[in-house]
Amino acid sequence: MFRPLRVVVVVAAASALLLATACNSASSGKTAASSVRGVTADTIKVGGIVSMTTASGYSKKDTDLGARARYDRANAEGGINGRRIEYLGAEDDGQDPAKNLAAARKLVQRDQVFAVSPMSSVTFAGADFLDAQKVPTVGWGTLPSFCGPAHIYGFNGCLVPMPGGTLNQTWPESLAAVLGGARGKSVALIAGDNDAGKFGIRTFTQGFKAAGFQVPYAKAVVPATSMPSDWSAYTKEILRSGPGGGAPDAVVSVMQTPYNIGLFTALKRSGYKGVLSDPTDYDPGLLAKDATKQALDGVHVLLQFQPFESDSPAMRQFKDDIRKAAGGKDVPLNMHMMTGYMSADLFLAIAARAGEDLTVDSFQKAADGFSDTGTLVGDRAEPRGKKESFGCGALVRLKDGRYEVAVPFKCYPPIPFA
């Protein structure tokens, strides 16, 4: 006779508890753990994809350290709207398209991440999958996949836009400053035979011509999977490509460090006295070996962020964050750390603006119309970053075993890309 009453009381109590829980959850404004992949009431799960190992020995592994440094600071400051970033680290794609896609699938389907940040590789086979799965992805926008897809963002914008977009003129304008102007000057462009190299040749050819340079040589011909042991075939052609069959005023390499060392060494041995430039060799760790230091001596390196030699508050914060992430040690800084750091920084900035109710839709709405100023990559804005870079950069030169700022960090007006 009393048993039914006890059942009613228990059911009523359970209902009241569920109601209270629901009310508390609603009052917090945070998305329920089960409704959004990678998001709980207390955490946001993020992973990365980085070329840690490659056939040439070139590695972007410090991209992971840079991202971790920025996420660690975000967590130390209370997280994003009360949620801690659960950073799983970066998957190694080995610069292999199949591994890049496999890494993307693993992060989404098995690890259930909300976002992929950073993504840094010369291949991005996983782009279509990540965009179709509505995974916010942030990385170094050196491939076309960063230029247009709804859920993919370049930390410094789109660097290889499609027709209708714009081109960053930092490299041509900076080299013009080094050479005393572009009028009457010639530039030879060389790149690897891969997607990044081909798009690099296409875009930089237009950019250097628009700045007033002659571009008599522009080829993506160097094998991307096996570094040449003999560079003579390339150097002979380059050194005869200038006006009147002479050497060009500058040789611009759109390749990675091991390739640049081989090419620049061969050019110097051939007696070349012009300007050498590339976008990858800003790494104090390269100076540990005398042969490497000699090969890169005098080379002007393109940066798309403030040089480490600057003393801005943002740069001091970056250095402090890297030191903490490295266990309190002063490690040699390199551009890959910056790539990871600023990829994480852009993701965090947009996620913070999405508010407590973090979903893919709220993230996308926050990105639409997002802008901020004075960052390590200059002024940022979305969706402008889907069609153009943020237009800022500098040139540093390796001289006597040390990097020095050759052309200060500056923002340049972009040009239309045809």
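Arg-380 is part of strand β13, residues 378-381; strands (E, at least two residues) and helices (H or I, at least four) are DSSP runs numbered from the N terminus. The model is predicted, so local features need pLDDT of at least 70 and side-chain atom pairs count only at pLDDT 80 or more, while totals for chains, interfaces and linings use all residues. Residues are numbered from 1 along each chain as its sequence is written, and side-chain values use heavy atoms, with hydrogens and water left out.

Arg-380 counts as buried because its relative accessibility is 3%; buried means under 20% relative accessible area, exposed over 50%, and partly exposed in between (1.4 Å probe, protein chains only). The Arg-380 side chain makes polar contacts with the side chains of Asp-345, at 2.9 Å, and Asp-372, at 2.6 Å. A polar contact is a pair of N or O atoms within 3.5 Å; within protein, one must be able to donate a hydrogen and the other to accept it, and residues adjacent in sequence count only if both atoms are side-chain atoms. Leaving aside residues up to four places away in sequence, Arg-380 also touches others, including Phe-155, Met-342, Leu-346, Phe-370 and Phe-390; contact means heavy atoms within 4.5 Å.

## Nonpolar cores

The largest nonpolar core contains 76 residues, and Tyr-71, Ile-85, Phe-114, Phe-318 and Phe-347 have the most contacts inside it. Such a core is a set of buried Ala, Val, Leu, Ile, Met, Phe, Trp, Tyr and Cys residues joined through side-chain atoms within 4.5 Å. Helix α11 (residues 335-354) supplies the largest share of this core, 13 residues.

Phe-318 touches Phe-308, Leu-333, Met-337, Met-338, Tyr-341 and Leu-376, not counting residues up to four places away in sequence. Another core, of 22 residues, lies apart from the largest one and has Leu-179, Val-187, Ile-201 and Leu-302 among its members.

## Helix α3

At its start, a side-chain oxygen of Asp-96 comes to within 2.8 Å of the backbone nitrogen of Ala-98. Gln-112, which follows α3, has a positive phi near 60°.

Asn-100, Ala-103, Ala-104, Leu-107 and Val-108 are the buried residues of α3. They lie on the same side of the helix because they cover an arc of only 120° around the axis. Their cover includes β1 (43-50), β2 (84-92), β3 (115-120) and α4 (127-132). Ala-98 and Arg-110 are exposed, on the face turned away from the buried side of α3.

Conventions
The arc is that of the directions from the helix axis to the C-beta atoms.
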